[in-house]
Amino acid sequence: MDFEELLEILACPVCKTPVHLDDSGKWILCDSCGRRYPIRDGIPVMLVEEAEGGE
Ligand SMILES: [Zn+2]
């Protein structure tokens, strides 16, 4: 599974909305709640505690 395929199955843990990669390639963005999740060592960290932003 490559990174693009992984992104397609990822969803925001807060609002269950599909997420996407930001322009820098360093964050996973959720347009629905405005949170962003870090990518560490190429692995998206989809944890609410690690997210920045949001309501
Ligand atoms: Zn969200």
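## The S2–S3 hairpin

S2 and S3 form a hairpin with 5 residues between them, and in its turn Gly34 has a positive phi of about 85 degrees; strands here are DSSP runs of E of at least two residues, and helices are runs of H or I of at least four residues, both numbered from the N terminus. Strand S2 covers residues 27–29 and strand S3 residues 35–40, and the two pair in the antiparallel sense over 3 bridges, where pairing requires that DSSP finds at least two bridges between two strands. Within this pairing, Trp27 stands opposite Pro38 in S3.

This is a predicted model, in which local features need pLDDT of at least 70 and side-chain atom pairs count only at pLDDT 80 or more, while totals for chains, interfaces and linings use all residues. Residues are numbered from 1 along each chain as its sequence is written.

## Other partners of S3

S3 also pairs with strand S4 (residues 43–44), to which 2 bridges join it in an antiparallel arrangement, and the bridge partner of Ile39 in S4 is Pro44. These strands, S3 and S4, form a hairpin with 2 residues between them, and Asp41 in that turn has a positive phi of about 55 degrees.

Strand S5 (residues 52–53) pairs with S3 in the antiparallel sense over 2 bridges, with Arg35 standing opposite Gly53 in S5.

Buried residues make up 13% of the 55 residues in the protein, a residue being buried if 20 or more other C-beta atoms, placed from the backbone, lie within 10 Å of its own.

Leaving aside residues up to four places away in sequence, Tyr37 touches Trp27, Ile28, Pro44, Val45, Met46, Glu50 and Ala51, a contact meaning that the C-beta atoms of two residues, placed from the backbone, lie within 7 Å.

## Overall organisation

The protein has 1 helix and 5 strands, which run α-β-β-β-β-β from the N terminus on. Its radius of gyration is 10 Å, close to the 10 Å that the globule rule gives for 55 residues, so the protein is as compact as a globular protein of that length; the radius is taken over C-alpha atoms, and the rule is 2.2 Å times the number of residues to the power 0.38.

Along its principal axes, the C-alpha trace spans about 30 × 20 × 20 Å. Among contacts between residues at least 6 apart in sequence, 10% join residues at least 24 apart.

How values were computed:
A residue is buried if 20 or more other C-beta atoms lie within 10 Å of its own, exposed if 12 or fewer, and partly exposed in between; C-beta atoms are placed from the backbone.
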